[in-house]
Amino acid sequence: MLELLIAGLTIVFEPFNIVMTLVGTILGIFLGALPGIGPPLAVTLILPLIFGLDPITGIIAMLGVFNGSVYGGSISAILINIPGTPGSVATCFDGYPMARQGRAGEALGVSLVSSVIGGLITAFFFIFLFGPIAKLSLKFGPSQMFLIMLLALGTVSRLASGSIIKGIISSGIGILLGLIGYDLMSGISRFSFGYRPLGGGLNLVVTLIGWFAIAELFFLVQKKGTTISTSKLKIGSVFKGGVESLKHLRLMVVSSCTGAFLGALPGVGIALANLVAYSNAKSSSKHPEKFGTGIIEGIIAPESANNAVTGCSLIPTLALGIPGGATLAVILGGLMILGVTPGPRLITQDPRLVGSIMVSLILINLVMLVSGFLLTNIYQFIPRVKIAYLIPIILAISCFGTYITRHYFVDMIFVIILGLLAYGMRKADYSIPCMVLGFVLAKTLEDNFHKSLLISDKGYLIFLDWPVNIMIVLIGILIYLFPVLMKFKNKFPSGEG
Amino acid sequence: MKNKKWKNKLLNYEIIMPIVMIVFIVTFIVNVYSLPKVAKRAPLLVGSITLFFLLIQTCISILNNLKNNEEEKSKLSRGLLKNKVLQLLLIMILYIAVMSYFGYFPSTIIMLVVTMWVIGEKQLLRVTLVSVVFIIVFYIVFVKIFGLQPPVGLLQ
């Protein structure tokens with residue numbers, strides 16, 4: 001591990017990589033502070049930028065945008081009571097009241113330091129856990145990989161979707177879209193109708209741009225009013241808030257650990273992590289009645305937790321090739337553009353890359369800290385950017401990003417069709433993260449499924465092999481049945497007839 | 001009047017999207033049905049399971065919509081010409097069409113100005129300034145620094 005870190009240090013501190021760390025992080029904060037532009041869209045928008053970059057530089061840029069956008073969501077949450085990202089919903093509860101009391105700067109400082117501490121803790125989890133988990137996953141055969149991917153899909157369907165049926169449908173649609181193109185086993189093209197651009201299937205980058213960027217434009221254009229907000233608040237001292245928050249180090253660490261644990265689970269992500277951490281902080285507080293009135297603890301908990309998700313969510317993505325959510329799926333797409341194949345052998349095939357990721361996770365948080373303190377007076381204007389400017393700019397960047405992927409004009413038509421599909425599905429409350437995960441895992445799922453049957457002398461029963469496979473199946477059943485069992489228990493508590 | 005009420009209850013995303021997805025899945029299944037077993041096994045399995053749940057969900061959505069007396073928030077808007085989503089969609093299609101002939105930069109400048117105007121930014125000076133600044137920054141960052149080539153139109 002030490003060798004990985006040393007190798008990473010020498011690469012990450014090259015001048016161009018430092019510049020990309022800075023650019024990525026600040027761009028991420030900027031994008032995250034714009035309500036409606038969450039981490040998935042923020043990372044999607046940077047995909048055109050990473051074409052032609054060195055893989056390590058490209059990954060650093062994506063991680064900078066990811067981390068920055070998660071923190072950036074707190075800026076609009078505090079200043080205008082609109083979370084910039086789903087991970088900052090709970091930050092509104094105490095952040096905005098603090099701002100209204102004339103303590104907006106203090107709130108921003110608390111949020112900044114909490115986010116950085118959360119990000120650093122998750123970076124250390126990544127450094128210590130990635131290697132062992134990657135080694136463990138080397139022991140998995142095709143049937144185990146198939147079941148783990150299915151479990152991930154099932155978990156996302158269960159947790160990221162309001163309705164189980166809609167979650168399953170979204171996953172199924174995603175898988176079918178992912179299966180378009182050449183079958184890996186037979187080489188036969190499916191659902192391409194002999195049309196060459198579809199022969200290789202729907203391109204991942206094009207699909208992600210359609211589902212996140214284009215679909216979001218259709219929502220943004222319907223927002224009433226041309227600006228997000230014009231309310232002006234006194235900023236005050238950001239440093240004061242930062243220093244004050246260090247008095248609650250224990251809460252920061254506990255919330256960060258909560259976020260890190262939830263981040264490693266597929267389908268959970270920043271949206272759930274910030275709410276769980278807030279709820280835990282409130283229930284364990286000596287003064288829970290003060291939560292919601294503008295107290296520091298109400299910002300520390302969610303902001304530590306949401307940034308703590310980032311590093312640990314990378315572990316299953318890089319070690320197993322299974323993205324835990326929408327943003328990780330976009331990052332996975334970016335890795336494929338850069339020619340990096342995530343999986344258990346990544347650490348042995350490219351140790352410099354893994355070491356660079358470890359170091360960059362730390363550097364990104366330090367950059368966020370410095371830029372946060374220095375640039376708060378600029379960041380406060382971000383939520384006031386007019387939608388009328390945002391929409392055409394995002395459209396221009398998205399079309400450019402779509403074109404440079406394969407240089408097919410028809411990809412821009414696909415991107416609009418896919419954007420319309422995602423728009424319609426979101427309007428009908430279908431989960432896009434489920435669809436994205438299904439799409440990303442489709443061919444690997446099928447490949448592992450076929451391989452399992454090829455090596456099996458028991459046919460389909462290989463998927464119920466003792467002990468590992470059956471345990472994975474049982475965990476999946478438990479995840480699905482647990483809420484039903486809890487409802488049943490609440491309906492018939494013990495002691496009643 | 002009664003028919004229009006029923007039509008309004010059923011004309012929303014909760015019902016239209018499942019139908020769109022059912023059409024897609026059925027088309028996919030028909031397309032792969034004649035392929036060798038190894039090529040069609042996964043799509044048939046996934047397609048069948050998804051179709052099964054879609055049919056259940058469609059029935060649930062139809063029943064819920066028929067019971068629901070309130071105005072559906074996911075209902076498709078009337079007044080298609082005023083529908084901002086359709087306006088944006090039209091802009092996107094025209095943008096791509098113009099880009100295929102004139103290339104990225106001329107079409108993007110036109111798109112920026114038109115879109116901002118349509119969405120509500122009526123100050124021509126600001127619109128022009130934002131468009132020009134964006135194009136300049138874009139050119140410097142993507143073309144000069146990163147060496148990426150945007151689409152060149154058929155006429156160039």
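This is a predicted model: local features need pLDDT of at least 70, side-chain atom pairs count only at pLDDT 80 or more; totals for chains, interfaces and linings use all residues.
1. Some ground rules. Residues are numbered from 1 along each chain as its sequence is written, and chains are lettered from A in the order in which they are written. Local features need pLDDT of at least 70, side-chain atom pairs count only at pLDDT 80 or more, and side-chain values use heavy atoms, with hydrogens and water left out.

2. H14(A) reaches 17 Å from its first C-alpha to its last, close to the 16 Å expected at 1.5 Å a residue (the expected span is 1.5 Å times one less than the number of residues).

3. Is H14(A) enclosed or open? Because 10 of its 12 residues are buried, H14(A) is largely enclosed by the rest of the structure (buried means under 20% relative accessible area, exposed over 50%, partly exposed in between, with a 1.4 Å probe and protein chains only). Among the buried residues are A:Ala326, A:Val330 and A:Leu335. Just after H14(A), A:Gly339 takes a positive phi of about 80°.

4. Now the cysteines. A disulfide is a covalent bond between the sulfur atoms of two cysteines; here the cut-off is a pair of cysteine sulfur atoms within 2.5 Å. A:Cys312 is buried at 4% relative accessible area, and A:Cys434 is buried at 0%.

5. Finally, look at A:Met1, in the segment before helix H1 (2–12) of chain A. A:Met1 is partly exposed, with a relative accessible area of 39%.

Notes: Helices (H or I, at least four residues) and strands (E, at least two) are DSSP runs, numbered from the N terminus.
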